Amino acid sequence: MVAALAVAGCAGLVSSSNSNGGTKTIGPTITAQPASQSVTLGQTATFRVAATGTAPLTYQWQKNGGNIGGATAASYTTPATVVGDSGAKFDVVVSNSVGSQTSTMATLTVNAVAVGPTITTQPANQTVTVGQTATFSVTATGTAPLRYQWQKNGADISGATAASYTTPATVAGDSGAKFDVVVSNTVGSQTSTMATLTVNAVTVSTIDVVTYHYDNLRTGQNLNETILTPANVNSTKFGKLGAFTVDGLVDAQPLYLSAVAIPSVGTKNVLYVATEHGSVYAFDADSVSGNTSAFLWKASVLGSGETSSDDRGCGQVTPEIGVTATPVIDRTRGAHGAIYVVAMSKDASGNYFHRLHALDLTTGAELFGGPMLVEATYPGTGDSSSNGSVVFDAKQYKERPGLLQIGGTIYTTWSSHCDARPYTSWVMSYDANTLAQTSVLNLVPNGSEGGIWMAGTAPGADASGNIYFIVGNGDFDTTLNASGFPANANCGQCYVRLSSSAPITLLDYFTPSNTVSESNGDVDFGSGGPLLLPDLVDGNGTTRHLAVGSGKDAIIYVVDRDNMGKFNSGADNIYQQINGQIGGVWSKPSYFNNTVYYGAVGDYLKAFAITSAKLSATPATQSSTRFAYPGTTPSISANGTSNGIVWAVENGSTGVLHAYNAANLTSELYNSNQAANNRDHFSDNKYVTPMVANGKVYVGTPNSVVVFGLLP
């Protein structure tokens with residue numbers, strides 16, 4: 001007889017035999033390990049094991065290494081779980097008469113009880129204008145992940161599966177539509193209340209802004225603003241609505257027309273924007289929503305194969321020069337009206353060009369056989385003269401001041417690139433119907449300089465058709481003829497009055513007694529633009545026709561347009577002069593309700609009251625903010641003489657739009673730094689002025705026109 005031999009291996013397998021070939025006894029082997037379990041709080045969890053080996057097999061389940069009483073089967077179900085069970089480790093020891101084997105550990109995860117969705121903020125009703133989008137939002141709690149399905153009038157909207165939904169551009173037929181959202185998870189779902197979309201028709205504006213600063217007096221006042229008031233212009237109700245994006249700097253003031261019939265689109269209020277990249281855009285003024293690039297039409301005003309000009313080594317307008325001057329609009333020209341634009345360009349050979357364009361207001365198509373190449377000569381021996389005539393050399397000039405229209409004639413005035421000679425002082429006129437040049441005047445024909453800059457404002461005109469602007473530093477002949485005009489016709493640094501009829505003629509002027517030293521020192525008062533005041537009655541009952549201007553010398557000059565004062569070496573023979581009350585001016589003053597507003601460099605925005613046709617010797621009120629270079633050119637919105645608001649852009653790393661009570665500049669109604677999280681911030685562009693029309697404020701930037709208005 002052979003004794004039985006029992007051997008227990010690492011796996012708990014043991015076999016035995018005898019010499020007579022008796023039955024083998026096999027220890028347990030686990031063939032299916034317990035799996036980790038994940039349950040919700042309060043549920044039970046069941047762990048299972050499968051094993052082979054000689055029966056009977058016995059089982060002992062363990063929790064965190066300790067035996068569980070009564071847990072002696074091939075499976076084990078826990079009691080109802082509690083939070084503290086989460087992370088517990090479970091294993092089982094399987095044994096028989098031969099030996100035992102212990103399973104791997106299985107982990108129990110106990111999750112919080114799943115909660116169905118609860119909507120905490122319902123979608124709100126939305127009101128928009130035709131062409132705008134509307135955004136509906138919901139806020140809900142519940143066990144993640146939450147799923148969303150928006151519905152319009154009870155039907156699912158494809159792809160609308162986020163917590164907010166933005167409609168496509170709305171149409172009139174969307175008005176009254178009902179929107180809701182179903183929020184769901186593994187537990188259940190909840191449907192929101194209905195939110196109604198109201199789509200209003202485009203408000204047909206009654207104002208057209210067809211020229212720089214609203215009118216040829218260049219008052220800067222829009223007296224037809226019925227939407228914006230001191231009561232609603234604040235950071236709670238008013239702010240940035242978005243921007244119309246374009247392809248270059250917007251140095252020219254945007255223009256605005258109401259109720260323009262655009263082919264295949266319909267009647268729109270239209271914003272016209274010109275860029276330094278040589279493009280002109282027409283936008284639906286009521287369609288802005290965020291950054292809006294869609295336009296009604298876009299036209300290039302560059303010649304074939306040409307690009308916009310480089311900056312000619314001058315940082316005043318950089319990095320390119322296309323359309324710098326504010327265009328002018330005439331709704332009566334051509335079949336649908338025309339916008340007149342001057343653009344600078346260059347070709348691959350390095351030749352430079354200026355052209356006058358007339359574009360159809362509804363399509364952007366060129367009109368009247370245009371464009372017209374700008375060329376000119378004038379009798380004289382000054383810079384760039386040849387054979388007794390000064391010659392307009394396109395590369396030496398840019399058309400910085402805005403265009404002026406009087407009747408059927410368009411007037412252009414020309415500035416240099418910085419003070420890079422040779423250059424002189426050019427004024428040209430063109431027929432609005434044919435674009436043919438009708439007259440040329442040079443105000444420094446026998447000398448040099450005299451660029452017409454005026455910080456990008458524009459020449460003005462009175463009701464009689466006289467033209468007014470301020471010439472920059474340049475030669476002035478202090479030897480006068482019998483009529484008091486410079487003997488050699490050089491009138492640099494002059495505040496001039498010209499005839500508008502051809503030939504354009506210098507009718508009158510004023511220049512300071514120290515004009516030569518100011519020009520030599522580049523302290524000219526041609527750095528600022530003109531303001532022509534409405535008729536005023538003085539203390540003697542005499543009606544006065546006045547104009548205001550200032551420049552780098554920080555003096556307010558008030559001239560009598562009927563007798564401007566000319567030159568006197570001993571004194572300034574002008575109507576009124578105010579010294580020491582403003583800083584240097586690279587902007588222009590504006591007028592509203594018997595008040596002149598100035599925004600000089602490094603100075604406060606100041607209001608000078610007018611009494612008996614005289615400006616107050618000191619400001620009546622002023623802002624608390626100082627305006628860095630180049631100061632600010634204010635605009636005014638009002639409903640007649642009420643609800644006056646003064647708008648001003650502050651130059652800096654970020655532009656700031658300010659709004660002040662026109663009756664008291666110490667009362668700031670709003671500025672674009674007030675709202676949280678940079679909501680109303682925008683990129684700065686110097687020499688811009690706000691344009692206000694139909695409840696919106698438009699400001700040019702390096703690549704857009706930013707739009708402010710009443711918030712939805």
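A pocket is an open set of grid points, over the protein atoms alone, where a 1.4 Å probe fits and protein lies on both sides within 12 Å along at least five of seven lines. In this predicted model, the largest pocket holds about 740 Å³ of space. Its lining is made of 27 residues, and those closest to the centre are Thr129, Gln132, Leu241, Leu710 and Pro712.

Strand 12 gives the most, with 4 residues. Sorted by class, the lining of the largest pocket has 14 polar, 10 nonpolar and 3 charged residues.

The second largest pocket contains about 260 Å³ of space. It is lined by 19 residues. Nearest its centre lie Gln316, Asp419, Trp453, Asn473 and Lys552. The lining of the second largest pocket comprises 8 polar, 7 nonpolar and 4 charged residues.

Leu41, Val82, Val83 and Val113 make a nonpolar surface patch of about 330 Å². Leu41 sits in the loop between strand 2 (37-40) and strand 3 (46-48). The relative accessibility of Leu41 is 32%, so this residue counts as partly exposed. That class lies between buried, under 20%, and exposed, over 50%.

Key: Residues are numbered from 1 along each chain as its sequence is written. This is a predicted model: local features need pLDDT of at least 70, side-chain atom pairs count only at pLDDT 80 or more; totals for chains, interfaces and linings use all residues. Side-chain values use heavy atoms; hydrogens and water are left out. Patches are made of residues with over 30% relative accessible area and no salt bridge: like charges are joined within 9 Å, nonpolar side chains (Val, Leu, Ile, Met, Phe, Trp, Tyr) within 5 Å. Accessible areas come from the Shrake-Rupley method with a 1.4 Å probe; for residues, only the protein chains shown count as cover. A salt bridge is a side-chain nitrogen of Lys or Arg within 4 Å of a carboxyl oxygen of Asp or Glu. Helices (H or I, at least four residues) and strands (E, at least two) are DSSP runs, numbered from the N terminus. Buried means under 20% relative accessible area, exposed over 50%, partly exposed in between (1.4 Å probe, protein chains only). On a 1 Å grid over the protein atoms alone, a cavity is a set of points where a 1.4 Å probe fits but cannot get out, and a pocket is an open set with protein on both sides within 12 Å along at least five of seven lines; lining residues have an atom within 4 Å of a point. Grid points are joined across faces, edges and corners, and a volume is the space filled by probe spheres set on the points. Ala, Val, Leu, Ile, Met, Phe, Trp, Tyr, Cys and Pro count as nonpolar, Asp, Glu, Lys and Arg as charged, and the others, Gly among them, as polar.
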